[in-house]
Amino acid sequence: MTTDTIAPPTFSLPEHRLEGPLKVTGAAAFTDDVPVPDPLWAGFVASPHAHARITAIDTTAARALPGVHAVLTGSDVGGARFGRNVLDWPVLATDVVRFIGERVVAVAAESRDLVDEALALVDVEYEELPAVHDPSAAVAPDAPVLHPGAADYRVLRGTRPAVAHPNIQGHLVRAKGDQDIEEALRSADLVVESTFSTPRQHPGFLEPHAALVWLEADGTVRVVSTSKEPFALARQMAAALDLPVERIVVDNAFVGGDFGGKGLAALEFPLYFLARATGRPVRAALPYSDELAATSTRHAATMRLRTGVNRDGTFVAHAAEVVFDGGAYAAAKPSPQLVLGGGIATMSAYAVPHTRVELTTVYTNTVPGGHMRSPGEVQSVFAGEAHVDVIASRLGIDPVDLRRRNAARAGQPNAVGETFTHPAAVEVLDAVRTAVQWERPRTHGRGVGVALYQRGAGTGRGGVILRAVPDGSFQLVTGSVDQGGGTHTALRRIAATALGVAEDRVVVVRRSTRESLFDNGVGASRVTRILGEATIRAAADIRERLAVEGMGDTAIEARGEYEAAGHAEDSSFIAEAVEVEVDTETGAITVVDAVIAADTGEVINPTAHRGQLEGGFAFGLGAALMEELAVDDGQVVTGTLGDYKLPTVADMPPLRIIQVRAGGTSGPFGAKAVGELANSGVPPAIANAVAAATGVRLSSLPLTAEAVHGALR
Amino acid sequence: MTSFAFHPAASLAEATALLAQYGDGTQLLAGGTSLMLLNRLGLLAPDHVVGLRDVGELRGIAVDDAGALRLGALTKLRDIETAPEVRGVPVLAEAAHHVATVRIRNQATLGGSLGHADPAQDVPPALIALDARVDVAGPNSTRQLPVEDLFTGYLETSLHPGELVTGVAVPRSTRGTRGGYLKFLPRTADDYATVSVAAVVDVVDGRVTRIRVALGAVAPTPVRAHSVEAALVDGHVTSEQLRGAAEFVRQDIDPTSDARGSASYKNDVAVVCVRRLLGRLLETEQEGR
């Protein structure tokens, strides 16, 4: 055992990414790279119709093709359905298809070319049914009911909320205050009403969904997958396939980007049936056109906001009705209410005595809605923070002054009634106001805009195994994947700090779901908080035992587990300000300056932390200015990444980041969440800046040059 | 992606022979930036592909005895952007600079950007504005035609079966010739143009003696703005005249609505782009941007 001449890590030093060299040299294995002997390739016949009855499927010719080992239809998989909470998405469609791109027939063959050849030989006959393409059509009294059997769908947690129309997927009302909301609104001097909408988006990760499934002789189902939630996937597969969860072992490779989209796993289910039918490992990776058109997207939303305000700018009451287009299946939503909880964030950083936010998700004959970085918040923060500027303009009050007046102070409750103990709302707002030179006069075409909001810490449960090894090193075993956020690097640093040893003494080992402790998965800005705390607990245990027993010839092992619910004290507050230049002839918007001020607590990985804020800004820039999955009659028409544009480094404005510390958190070493923080405020800040620059108030994303041009005509 | 038989050619003669041998539908692979994308999207599934990488006759950047710039079809767009020889003509390096990203420009070729005949490419409008000619070789003959006449429709050229682009000749520029390229990109810097304009003008004693204006992304092919040219040639151009002339571009273009904007928006923007670019070249006024 070496002596500790090297100190434990200092958080202010930039970290070295554990997997950096592997990724830079191309040696990192992703799902599609994982070798397996003698695999078959899988592919799918997809529905060309938004809503249709399947009247006949002829697979004879495909089956006869040499090298084709299985051709399965919905009846071959016993009508199995899957989902993250409600199991409503058929593994393969049985009688009805509900969106363009839905899987109808699965093929396994010796090569990708053979798969394509076999797919072309399958003949499916459909009888088209009336389709509903948007939520308002779907909830009309005479709308066709998309899921007549919805009451029978299994759910994994909780119970499905009662709904007012059979095409409503999910519903949630969060209200606070001792008065009826309409009454509270009436009591204000003025009620300001605004309506906003946001489009579907795709996360745009580099690695498309991929999976590899095989069965072992003892019946164990082995899965390698791009899922960011291996344990949740094992549970979902157990439920959908009627297998004991112990039989399913998920052992993921590197995940090539997630941004929320890798929470839904859909390939693994048909691959299981193909592997079972053929006795061979079966693998598939989605072409990116299928990624865009037929996996799961950010929910499009329409939002009606009403705020009762007094003449002095005080917010008295706030009501929001948020309607999400849930698409054909609710399977991609993990919440029991089948809504995006982030939708309640229309006024997240303010103290409003009376609030009522109603979230509704609706079935339509379009690609299913799912999770994408800050699900629900991207929609609700855009609406809420643009709405605040509308109020400011109506009252003739400066937008920053109006926010400052209503910003949450310590002891005040958040939107769901939890008390903020250390809200940094005023501090972050003041920081960006100064940095962006808010008061400086600007010429026509130039304007500044701001957004203020907060996001709670990630909740959930997870555990790690920590081992002290006789050679003086430590092993941290986790089942959590690193989807690019630097999870494993952060856990190593936390372990080294908690153990009081140098970072290079700690090795992070990722293991399958069978060889590691349960973890909710990489999402909801949860990992550093949950697994970080679990690591600290395990390290405390190890230190104590080392002190008592000393290091002998065998490893000492400790398990650390942690579960956290939401706490308002752990909220990360953030303000973002941008300056834009609008070309008043073409409408083109250029962001010329940007500032983020955020309270993210103690920073453990400074480089990754900065990357989350800067990358979050870029992510928000995409939502603000360019990203839209356009859908025409149920067909995603933004079919390639050539049309679905993502921002590049050349599009980034100069961006300054200001760290504010208000304290008060249960996160490890005082850390707060940062992963899903910075993106949501960019669209409203830019929309507000465009309004300041030109007088044009845009209420739909993305904020296109053409929309500005049209409004200026 | 579909599989195909790959036939690398070692010479121009071999390339044309392979094209003749495998016939209709055989595709050429130079940089692959278009072919491989179309193949992956299932829009092009050739059985045979002839590789051009080793065809020496298609390489090279030189200025010939007449002062014309000769560019081989395999010239990378990055080389057009950076080669000293190209700096002797206006607009061309500037247009090449605006193609996608450096990574793409290091791969994509001049011949490919012409043969692909995508109207949103950046280099073709510049070549048209420069009155460049394209060299074409068939199995038994070669010919030369104006770049403008190469394009017949969306992804369609006037190349006969078995012919390929071997290079481009850009005529010598005279002193006083000015050129420029304006690519309107309202979403991201890494995109095809919503509207692009290339122009080359000769100004003698304040008088426009020659003007060629070409636009990309606003019609099935790159197009000349003949109406704009006619309104400005042979005159001392004031900003007022330019403002009026730029409006004529609506007659020369036929944009379609797509993810980059509606047809009506592209018409409006084309007017602004033409006016701004020509304003910059003719120095009629300080144009804001």
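Student: What makes S20(A) and strand S25 of chain A count as a pair?

Tutor: In this predicted model, S20(A) and strand S25 (residues 572-582) of chain A are joined in the antiparallel sense over ten bridges. Two strands pair if there are at least two bridges between them, so S20(A) and S25(A) meet that condition.

Student: Why is S20(A) called mostly covered?

Tutor: Strand S20 spans residues 446-455 of chain A, and nine of its ten residues are buried. Buried here requires 20 or more other C-beta atoms within 10 Å of the residue's own.

Student: How do you know that S1(A) pairs with S14 of chain A?

Tutor: Two bridges join S1(A) to strand S14 (residues 282-285) of chain A, and the two strands run parallel. Leu40(A) stands opposite Val282(A) in S14(A). S1(A) also pairs with strand S7 (residues 103-109) of chain A, in the antiparallel sense and over six bridges, and there Val45(A) has Val105(A) as its bridge partner. Strand S1 itself, residues 40-46 of chain A, is mostly covered, with six of its seven residues buried.

Student: What makes S9 and S10 the edge strands of the open sheet in chain A?

Tutor: The sheet has five strands in the order S9-S18-S17-S16-S10, with mixed pairing. Strand S9 (168-176) and strand S10 (190-198) of chain A each pair on one side only. Within the sheet, neighbouring strands are turned by 10 degrees against each other on average, with direction ignored. One pairing in chain A is that of strand S16 (residues 301-309) with strand S17 (residues 315-327), which is antiparallel over nine bridges; in S17(A), Ala319(A) is the bridge partner of Arg306(A).

Student: Why does Leu340(A) count as buried?

Tutor: Leu340(A) has 31 C-beta neighbours inside 10 Å, and the cut-off is 20 or more, so the residue is called buried. Leu340(A) is found in the loop between S17 and strand S18 (354-363) of chain A. Leaving aside neighbours within four places in sequence, Leu340(A) is in contact with His299(A), Phe324(A), Pro375(A) and Gly376(A). Leu340(A) and Gly170(A) are 170 residues apart in sequence, yet 9.1 Å apart in space from C-alpha to C-alpha.

Student: How do you know that the buried residues of H1(B) are on the same side of the helix?

Tutor: In helix H1 (residues 12-22) of chain B, the buried residues are Ala15(B), Thr16(B) and Leu19(B). They cover an arc of only 95 degrees around the axis, which puts them on the same side of H1(B). These buried residues pack against strand S3 (48-51), strand S6 (133-137) and strand S10 (164-170) of chain B. Just after H1(B), Gly23(B) takes a positive phi of about 70 degrees.

Student: What describes the way H10(B) and H12(B) meet?

Tutor: Two packed helices are described by the angle between their axes and the distance between the axes. For helix H10 (residues 239-247) and helix H12 (residues 263-282) of chain B, the axes come within 8 Å and cross at roughly 145 degrees. The crossing of H10(B) and H12(B) is right-handed. Residues making the contact include Leu242(B) and Ala246(B) of H10(B), and Val271(B), Val274(B) and Leu278(B) of H12(B). By class, the contact of H10(B) with H12(B) has six nonpolar, two polar and three charged residues.

Methods. Residues are numbered from 1 along each chain as its sequence is written. Chains are lettered from A and ligands numbered from 1 in the order in which they are written. This is a predicted model: local features need pLDDT of at least 70, side-chain atom pairs count only at pLDDT 80 or more; totals for chains, interfaces and linings use all residues. A residue is buried if 20 or more other C-beta atoms lie within 10 Å of its own, exposed if 12 or fewer, and partly exposed in between; C-beta atoms are placed from the backbone. Helices (H or I, at least four residues) and strands (E, at least two) are DSSP runs, numbered from the N terminus. Axes are lines fitted to C-alpha atoms, for helices over the stretch in contact, and angles run from 0 to 180 degrees between N-to-C directions. A crossing is left-handed if the near helix is turned anticlockwise from the far one by less than a right angle, and right-handed if clockwise. Two residues are in contact if their C-beta atoms, placed from the backbone, lie within 7 Å. Ala, Val, Leu, Ile, Met, Phe, Trp, Tyr, Cys and Pro count as nonpolar, Asp, Glu, Lys and Arg as charged, and the others, Gly among them, as polar. The arc is that of the directions from the helix axis to the C-beta atoms.
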